[in-house]
Amino acid sequence: MRKLTCIIVLVFLGTAHILKAQPYQHSLTGSILKIDEPINVSPTLSIQDFRFEPAEGTSTSLFDLPKTKPGAAFVASALIPGSGQALNGKWGRAAVYFLTDLASVAYYISQNNIARRNERSYERFANKNWSVVAYAQWLVDYSEANGLSNGYETLAGQIAGLEPDFTNTTNDWNKVNISTIRAVERQTPFIYSNGSQASFFSHEVQDYGSQQYYELMSKYYQFQPGWQDFHLDRISDPAHVYLYSWDNSMITANFIEGRDRAEEFNSNYRNAGNIIKLVMVNHVVSAFDAFFTVKLKNARLEPSANVLRPDSFSLTLHF
């Protein structure tokens, strides 16, 4: 029995040695595949296959940047409303933003030009109807009639014998000392019809040609006496009483016309200023619209898988 067992073991070992040395025969084709070296088989599925890649043929030129870069689209539409939308084929929205901007700018230029014309017209009117000499003469007579101690005597000496030049009141500014007038104004109170006094004058006459010079003369009752029609009525009436209501009951036609002219061109300037706000809003809205347009266009679903966990799978939405 031992001999039979030894014989079987030797036969088995010999057969195994012979089989190990024989080539492997392919059972399907009958071809012989010799395995001289180990074969390294790489996985057919890689995480690289699931990574997000931009569309092929994407241009990186400056002109094409707004088509793919939200920031570039934002800047484009911020500078020229609708440009970012147009570059991305959104022609309807592009037209709305661009035409709104165009119409707003045109309206601004129109209102600004009208305001300047009306302002120059008002200034020409004022230069023929408001005189600093007439105002200074009234200030002296008003102070004297009410017995004020405001230094008006010095001003009276400077304007003695002068007459307002209502053909062109610009000439009157070479005849008076504006500092003397202002010194008297600072110490002159408002005296009402009943003889009561209030605070000192609230404003001083401004330098000729300044914006405040033209604004104040048709805005505050204090400067009413410088208008031509008030001056002529005053000097032609020996019984003129230098006590006033200091309200709109004392104003004359020149003051009213000056006030209305000033209000007209100021209204034109306000309209022009308001339309600038619309222009700014249009630029901002257009810029953000272009930004999100490109953001949404670039949105992609990125699948991802874990090769170590074949049961795991996820989707990522890119913005």
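Let me start with helix α6 and helix α8 (residues 178–185), which pack at an angle of about 40° with their axes 11 Å apart. Helices here are DSSP runs of H or I with at least four residues, numbered from the N terminus. The axes are lines fitted to C-alpha atoms over the stretch in contact, and angles run from 0 to 180 degrees between N-to-C directions.

Before I go on, this is a predicted model, where local features need pLDDT of at least 70 and side-chain atom pairs count only at pLDDT 80 or more, while totals for chains, interfaces and linings use all residues. Residues are numbered from 1 along each chain as its sequence is written, and side-chain values use heavy atoms, with hydrogens and water left out.

Back to the first pair. The crossing of α6 past α8 is left-handed, meaning that the near helix is turned anticlockwise from the far one by less than a right angle; clockwise would be right-handed. On the α6 side the contact uses Val132, Tyr135, Ala136, Leu139 and Ser143, and on the α8 side Ile181, Val184 and Glu185. Contact means heavy atoms within 4.5 Å. By class, that is six nonpolar residues, one polar and one charged. Nonpolar covers Ala, Val, Leu, Ile, Met, Phe, Trp, Tyr, Cys and Pro; charged covers Asp, Glu, Lys and Arg; the others, Gly among them, are polar.

Helix α6 (residues 132–145) also packs on helix α10 (residues 228–235), at an angle of about 40° and with the axes 10 Å apart. That angle makes α6 oblique to α10. For the terms, under 35 degrees is roughly parallel, over 145 roughly antiparallel, 65 to 115 roughly perpendicular, and the rest oblique. The α6–α10 crossing is left-handed. Here Ala134, Gln137, Trp138 and Asp141 of α6 meet Phe230, His231 and Arg234 of α10. This contact splits into three nonpolar, two polar and two charged residues.

Next, α3 and α11. The axes of helix α3 (residues 70–79) and α11 come within 7 Å and cross at roughly 155°, so α3 is roughly antiparallel to α11. Their crossing is right-handed. From α3 the contact takes Pro70, Gly71, Ala73, Phe74, Ser77, Ala78 and Leu79, and from α11 it takes His283, Ser286, Ala287, Phe288, Ala290, Phe291, Val294 and Lys295. The classes are 10 nonpolar, four polar and one charged.

Helix α11 (253–297) comes up again in the second largest pocket, where it supplies at least two lining residues, as do α5 (91–129) and α9 (211–217). What share of that lining comes from α11? Six residues, the largest share. The pocket holds about 280 Å³ of space. It is lined by 17 residues, and those closest to its centre are Glu215, Ser218, Lys219, Ala262 and Asn266. The lining has six nonpolar, five polar and six charged residues.

On terms, using a 1 Å grid over the protein atoms alone, a pocket is an open set of points with protein on both sides within 12 Å along at least five of seven lines; a cavity is a set where a 1.4 Å probe fits but cannot get out; lining residues have an atom within 4 Å of a point. Points are joined across faces, edges and corners, and a volume is the space filled by probe spheres set on them.

Last, cavities. A search of the whole structure finds one of 30 Å³ or more. The largest cavity is lined by Glu204, Val205, Gln206, Tyr213, Leu216, Met217 and Phe223: five nonpolar, one polar and one charged.
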